[in-house]
Amino acid sequence: MIVQVMATNKNVSRHNTANLRSTLAIVLAVALAYGVSWWLMPNSRPWSALVERPVSAAASPQKKHASRQTPAQKEVLSAHAQTTAKPVVVQTDCSAKKCIALTFDDGPNSVTPRLLDILKANNTQASFFIIGRQIAGHEQIIKRIYSEGHDIGNHTWDHMDFKKVPLDVMKDQVARTDQAIEAVTGKKPAFVRPPFGSFGPEHLAAANRPFILWNIDPDDWTTPDSNAIHDRVMQTARPGAIIISHDIYDTTVDAYARIVPELQQQGYSLVTVTDLLDITADNAPVQPFYYQ
Ligand code: NI
């Protein structure tokens, strides 16, 4: 079109028959080229977007179903699909087996995927007590934790000591973390671990779910030495133990690379707190578990 207008102007300005012929030739050539390219590249046709292409029988049911949804419905469904990878849950009867629950706090962190690799390679499950402020940017890790069947608990937004803040702040810390975890996994955490193991009955009532504490603490956060962490865990491990560690240190992950297979060699099943305590979100008593 642009070429055509320019050519017409040129033609009008010069009143020259030779120029008129050459201009018409150019216009025809451009029109021909446009027509050929139009046939060769169907997607360039202006109405191609409006033409419904036939869908093969095998691929059709979901697409047809999707096409009947409103944009808002599609958004909800796609968010749902992203957040609900079905967890691979391995149930262990801890009344019949020697069980230990490994628990990891304060993540997720850049070291968490390596810990998940170790747990997966040894076919074990653990529990992760997540801090709300660590969630943004680590959503994929949380999805992986969830889909690989580990328990996810709430460890507050900012690692608050419940006893040092007003009850409203404590409630807000737990609620915000619940919401952020649920936005990623589609599931509200069934457990809370109060930071520092510090709480009173009012906090338990406000959270309205079990507080998961621990009875073995290898002090991995004070010890930048994976051998020391390993030795402490191996020397204190016993059936029914809830071991607290932190998936924020390379040294901790190094230690568990050895601890996990060694505990299994000693006949332990490494399980989630759900399995160890034989409680679920539906039947969990509102009480603290395993505080020394
Ligand atoms: Ni902590």
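Q: Buried means under 20% relative accessible area, and exposed means over 50%. With that in hand, what is the relative accessible area of His155?
A: In this predicted model, His155 has a relative accessible area of 2%, so this residue is buried.

Q: Which protein donors does the nickel ion have?
A: The donors are Asp106, through OD, together with His155 and His159, each through NE2. They lie 2.0 to 2.2 Å from the nickel ion.

Q: What spacing do those donors follow along the chain?
A: The spacing along the chain is D-x48-H-x3-H.

Q: Where do Asp106 and His155 lie?
A: Asp106 lies in the loop between strand E1 (99–105) and H5, whereas His155 lies in the loop between E3 and H7. The two residues are 49 apart in sequence, so the pair ties together separate parts of the chain.

Q: And Asp106, buried or exposed?
A: Asp106 has a relative accessible area of 15%, which is why it counts as buried.

Q: Let us step back to the whole chain. How many helices and strands are there?
A: The protein chain has eleven helices and seven strands.

Q: What share of the residues counts as buried?
A: The chain has 292 residues, and 42% of them count as buried.

Q: What about the accessible surface of the chain?
A: The accessible surface comes to about 16500 Å². Carbon and sulfur atoms account for 56% of that area.

Q: Which contacts join residues at least 24 apart in sequence, and what share are they?
A: Counting contacts between residues at least 6 apart in sequence, 74% join residues at least 24 apart.

Q: New topic: how many disulfides does the structure hold, and which residues does a disulfide join?
A: The structure holds one disulfide. The bond joins Cys94 to Cys99, with an S to S distance of 2.1 Å.

Q: Left-handed or right-handed?
A: The torsion about the S-S bond of Cys94 and Cys99 is about -90°, so the disulfide is left-handed. Cys99 itself counts as buried, at 2% relative accessibility.

Q: How many salt bridges does a search find?
A: A search of the whole structure finds ten salt bridges.

Q: Which residue forms one with Asp117?
A: The partner of Asp117 is Arg144, and the closest N and O atoms are 2.7 Å apart.

Q: What does Glu148 meet in a salt bridge?
A: The side chain of Glu148 meets that of Lys120, at 3.6 Å from N to O. Glu148 lies in the loop between H6 and strand E3 (151–154), while Lys120 lies in helix H5, so this pair ties together parts that are 28 residues apart in sequence. Glu148 counts as buried at 16% relative accessibility, whereas Lys120 counts as exposed at 55%.

Q: And Arg176 with Asp172, how far apart in helix H7?
A: They are four residues apart in helix H7 (residues 167–185), which means about one helical turn separates them. Arg176 is partly exposed, with a relative accessible area of 33%, and Asp172 is partly exposed at 38%.

Q: Which residues do salt bridges with shared partners join into one network?
A: That network consists of Asp117, Lys120, Arg144 and Glu148.

Terms used. Residues are numbered from 1 along each chain as its sequence is written. This is a predicted model: local features need pLDDT of at least 70, side-chain atom pairs count only at pLDDT 80 or more; totals for chains, interfaces and linings use all residues. Side-chain values use heavy atoms; hydrogens and water are left out. Buried means under 20% relative accessible area, exposed over 50%, partly exposed in between (1.4 Å probe, protein chains only). Contact means heavy atoms within 4.5 Å. Accessible areas come from the Shrake-Rupley method with a 1.4 Å probe; for residues, only the protein chains shown count as cover. A disulfide is a pair of cysteine sulfur atoms within 2.5 Å. A salt bridge is a side-chain nitrogen of Lys or Arg within 4 Å of a carboxyl oxygen of Asp or Glu. Donors are N, O and S atoms within 2.8 Å of the metal (3.2 Å for Na, K and Ca); water is not among the atoms, so sites may look incomplete.
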